[in-house]
Amino acid sequence: MSRKPQTSPSARKGRTSPRGGTREQAAGDIDVDALLEDRTTQIIVCCGSGGVGKTTTAAALALRAAEKGRAVCVLTIDPARRLAQSMGLTELDNTPRPVKGAALDGGSLDAMMLDMKRTFDEVVEQHATPEKAAQILSNPFYIALSSSFAGTQEYMAMEKLGQLHATGTWDLIVVDTPPSRSALDFLDAPDRLSSLLDGRFIKLLLAPAKGPARLISAGFGIVTSALNKILGAQVLTDVQTFVAAFDTLFGGFRQRAESTYALLQAEGTAFLVVAAPEPDAMREASYFVERLAGEQMPLAGLVVNRVRTGAADGIEAVDAEAAAHKLAGGSAGDVATAELLTIHADRMRAAAKDERLKKRFSAAYPGVATVSVPALAGDVHDLDGLRLIGDLLAGAKAPS
């Protein structure tokens, strides 16, 4: 199956960073407000490893865009429920629900969490006759496939994104992808499902027992006989029944997946890689940047979350440590001062470490725009917290 539209070298040039500069250019900072206010930006995909604040970043971007007048839907496929909590929603499921409390000026904000199986069921119900849909939905093999097959979540994320975009209800959709490298598995989802249903094993299951296929079926009977003993005859029967019923639907699945893939490559889409200033997270960010470039996906830039900043200027870490050492054996006031100097030195060293990691990434990817979000004292758990993150993403200074 051909799922990756081919583009000429001239068309591909700069596609990895349409809003942050090409690889041949110096990128600088991401202009987040310009990205959100640009009405040609229809989809923002936040991807990155786990524990880097990706869900919070997606929610903050969605809220900021909505409060700037955009009609926004934020879709999360992160299993965590933090998005619902921060947006004041008592439930977050497969249906977009309005977020209350946002200071909307002509905009709107809806949020939802992908229900993998429910999305799969909806697709079957929409594209099959009632009789065939009932046959598929009750099939044990389908139930297992729609609940736990590797790649199904990513494939259904593509389905849901395509559905949301096709309605025209929202002019911006923000997608929060799963944690870890599997966040980009949706790029492979059409091929994965193709390999399952177009595979030789499945075709043999459907091979007619007549004509030239009789010899194949006779030989395959030996294999199925062995599998029947191991798995039970009912398992193979369930697989055969499912594939026979699902076969007529699969072409539509593949076509829609290819359409969504092309949508993700379009200029109206922007990918944001989210990382934390830690070696492992920055290595993962490099992987995401390389993978997106290889797939010709439009990269808007890198968000580095929870960046530690230096304390009061004018005292270097080494000087603070030296002074703390001299004061450590003095009066109670001297000891307290020494402890403060030690804390200052630790913060300065941590800030210097974060800065080195950011500079190393920028040196390796000079065409990738970046924005740093300072570390906050506490977690984000409400709309005000999301607004603060949005301000920081847009370049505001952290509160002192």
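Two strands are said to pair if DSSP finds at least two bridges between them. Helices (H or I, at least four residues) and strands (E, at least two) are themselves DSSP runs, numbered from the N terminus. The model is predicted, so that local features need pLDDT of at least 70 and side-chain atom pairs count only at pLDDT 80 or more, while totals for chains, interfaces and linings use all residues. Residues are numbered from 1 along each chain as its sequence is written, and side-chain values use heavy atoms, with hydrogens and water left out.

The chain contains 16 helices and eight strands. Burial is expressed as relative accessible area: buried means under 20%, exposed over 50%, and partly exposed in between (1.4 Å probe, protein chains only). By this criterion, 48% of the 400 residues of the chain are buried. Accessible areas come from the Shrake-Rupley method with a 1.4 Å probe, and for residues only the protein chains shown count as cover. The chain exposes about 18,700 Å², of which carbon and sulfur atoms supply 55%. With contact defined as heavy atoms within 4.5 Å, residues 24 or more positions apart account for 78% of the contacts in the chain with a separation of 6 or more.

Helix α3 spans residues 54-66 and has 13 residues. The distance from the first C-alpha of α3 to its last is 18 Å, close to the 18 Å expected at 1.5 Å a residue; the expected span is 1.5 Å times one less than the number of residues in the helix. Helix α3 is mostly covered, with 12 of its 13 residues buried. Among the buried residues of α3 are K54, T55, R64 and A66.

Strand β4, formed by residues 108-113, is likewise described as mostly covered, since five of its six residues are buried. Strand β4 pairs in the parallel sense with β2 (residues 71-76) over six bridges, and A71 stands opposite S108 in β4. Strand β3 (residues 97-98) pairs with β4 in the antiparallel sense over two bridges; here P98 stands opposite D110 in β4.

The structure holds 21 salt bridges, a salt bridge being a side-chain nitrogen of Lys or Arg within 4 Å of a carboxyl oxygen of Asp or Glu. One of them joins R70 to D171, with the closest N and O atoms 2.8 Å apart. Because R70 lies in the loop between α3 and β2, and D171 in the loop between α8 (152-167) and β5 (172-176), the pair ties together parts that are 101 residues apart in sequence. R70 is buried at 1% relative accessibility, whereas D171 is partly exposed at 25%.

R97 forms a salt bridge with D93, the closest N and O atoms being 2.7 Å apart. R97 is partly exposed, with a relative accessible area of 26%, and D93 is also partly exposed, at 25% relative accessibility.

A further salt bridge is formed by the side chains of E122 and K160 (3.4 Å, N to O). E122 lies in helix α5 (residues 116-127) and K160 in helix α8, so this pair ties together parts that are 38 residues apart in sequence. E122 is partly exposed, with a relative accessible area of 25%, while K160 is buried at 5% relative accessibility. Both residues belong to a network of salt bridges that links K117, R118, D121, E122, E125 and K160.
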